[in-house]
Amino acid sequence: MLELLGAVDRFGYAGISTIVFIESFGIPAPGETAIIAGAAYAGRGHLNIFVVAVTAFLAAAVGDSVGYWIGRRGGRPLLLRFGRYVRLTPPRLDRVESFMSRHGPKMVVVARFVEGLRQFNGVVAGSTQMPFGRFVVWNVLGAAVWVGCWSTAGYFAGDHLEEIAATVSRYLVVAIALAATVLLAYLWRKRRSRRRTAGS
């Protein structure tokens, strides 16, 4: 995060909007962190929080719409062809498309807050042939809520952002190890449960 703070300080609104835009149509990028960093600089008086929020919102909404048309024109073959470069495997795509088909518009909003889904939200909506008008309405709503939340969080973090970033960096490895341990324990218990069910 500390490196991103420097990038936001150097490129300002253009840097924030570019990062958010490219993340929104399928390229993994730290869009969420860029909004927080930009809002934090606004909290210090270096940027205008209103302009940070508006530029991030427009970048998110337009980026997702670009993703929608990429998915609409290219469809599933395009996603499978290039998805492997960003860890979008066929089974994972099946799950995302199934979830999108069942929950539709709600998914467009919720996906904004889920890493992995956020990057492919628009692309999958397009590939599943969601009507564009409906997508735009929910996409705009999702972008507004997402940008609003992280802009507010970053703005009030203000002068403490470096300390927050340093703390996050310090404990990131521990957090990842803990998450991996919990996941492995869950999978082990699930596997044992299946064996017991199969044996009974």
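Is Ser65 buried or exposed? At 16% relative accessibility, Ser65 counts as buried, because the cut-off for that label is under 20%. Keep in mind as you look around that this is a predicted model.

**The overall layout**

- Reading from the N terminus, the elements of the protein chain go α-α-α-α-α-α-α-α.
- The protein chain has 200 residues, and 37% of them count as buried.
- Take the contacts in the protein chain between residues at least 6 apart in sequence: 76% of these join residues at least 24 apart.

**What the UniProt record marks**

- An unreviewed UniProt entry carries the annotation "transmembrane region" for residues 49-71, 135-156 and 168-188.

**Ser65 and its surroundings**

- You'll find Ser65 in helix H3.
- Setting aside residues up to four places away in sequence, Ser65 touches Phe132, Phe135 and Asn139.
- Ser65 and Phe132 are 67 residues apart along the chain, yet 8.7 Å separates their C-alpha atoms.
- Asn139, one of the residues that Ser65 touches, sits in helix H7.
- With a relative accessible area of 2%, Asn139 is buried.
- Besides Ser65, the contacts of Asn139 include Ala61, Asp64, Val108 and Arg112, once neighbours within four places in sequence are left aside.

- From Val137 to Ala61 the distance is 10.0 Å, C-alpha to C-alpha, and the two are 76 residues apart in sequence.

**Aromatic rings**

- The structure has six aromatic pairs.
- Trp69 and Phe132 make up a tilted pair, with 5.0 Å from centre to centre and 45° between the planes.
- Trp69 belongs to helix H3 (residues 49-83) and Phe132 to helix H7 (residues 132-157), so this pair ties together parts that are 63 residues apart in sequence.
- Both partners are partly exposed: Trp69 has a relative accessible area of 34%, and Phe132 comes in at 30% relative accessibility.
- The two rings also belong to one aromatic cluster, made up of Tyr68, Trp69, Phe132 and Phe135.

**Where H2 meets H7**

- Helix H2 (residues 31-43) packs against H7 at an angle of about 45°, and their axes are 7 Å apart.
- That angle makes H2 oblique to H7.
- The crossing of these two helices, H2 and H7, is right-handed.
- On the H2 side, the contact is made by Gly31, Glu32, Ile35, Ile36, Ala39, Ala40, Ala42 and Gly43.
- On the H7 side, the residues in contact are Trp146, Val147, Trp150, Ser151, Gly154 and Tyr155.
- Ala40 of helix H2 is buried, with a relative accessible area of 1%.
- Ala40 and Ser151 are 111 residues apart along the chain, while their C-alpha atoms are separated by 8.1 Å.

**Helix H6, tucked inside**

- What about helix H6 (residues 117-127)? Ten of its eleven residues are buried, so H6 is largely enclosed by the rest of the structure.
- The buried residues of H6 are Arg118, Gln119, Phe120, Asn121, Gly122, Val123, Val124, Ala125, Gly126 and Ser127.
- After H6 comes Gln129, which has a positive phi, near 65°.

Technical notes. Residues are numbered from 1 along each chain as its sequence is written. This is a predicted model: local features need pLDDT of at least 70, side-chain atom pairs count only at pLDDT 80 or more; totals for chains, interfaces and linings use all residues. Side-chain values use heavy atoms; hydrogens and water are left out. Rings of Phe, Tyr and Trp (its six-membered ring) pair if their centres lie within 6.5 Å; planes under 30 degrees apart count as stacked, over 60 as edge-to-face and the rest as tilted. Helices (H or I, at least four residues) and strands (E, at least two) are DSSP runs, numbered from the N terminus. Buried means under 20% relative accessible area, exposed over 50%, partly exposed in between (1.4 Å probe, protein chains only). UniProt positions are given in the numbering used here, feature names are shortened, and annotations may be inferred rather than shown by experiment. Axes are lines fitted to C-alpha atoms, for helices over the stretch in contact, and angles run from 0 to 180 degrees between N-to-C directions. Angles under 35 degrees count as roughly parallel, over 145 as roughly antiparallel, 65 to 115 as roughly perpendicular and the rest as oblique. A crossing is left-handed if the near helix is turned anticlockwise from the far one by less than a right angle, and right-handed if clockwise. Contact means heavy atoms within 4.5 Å.
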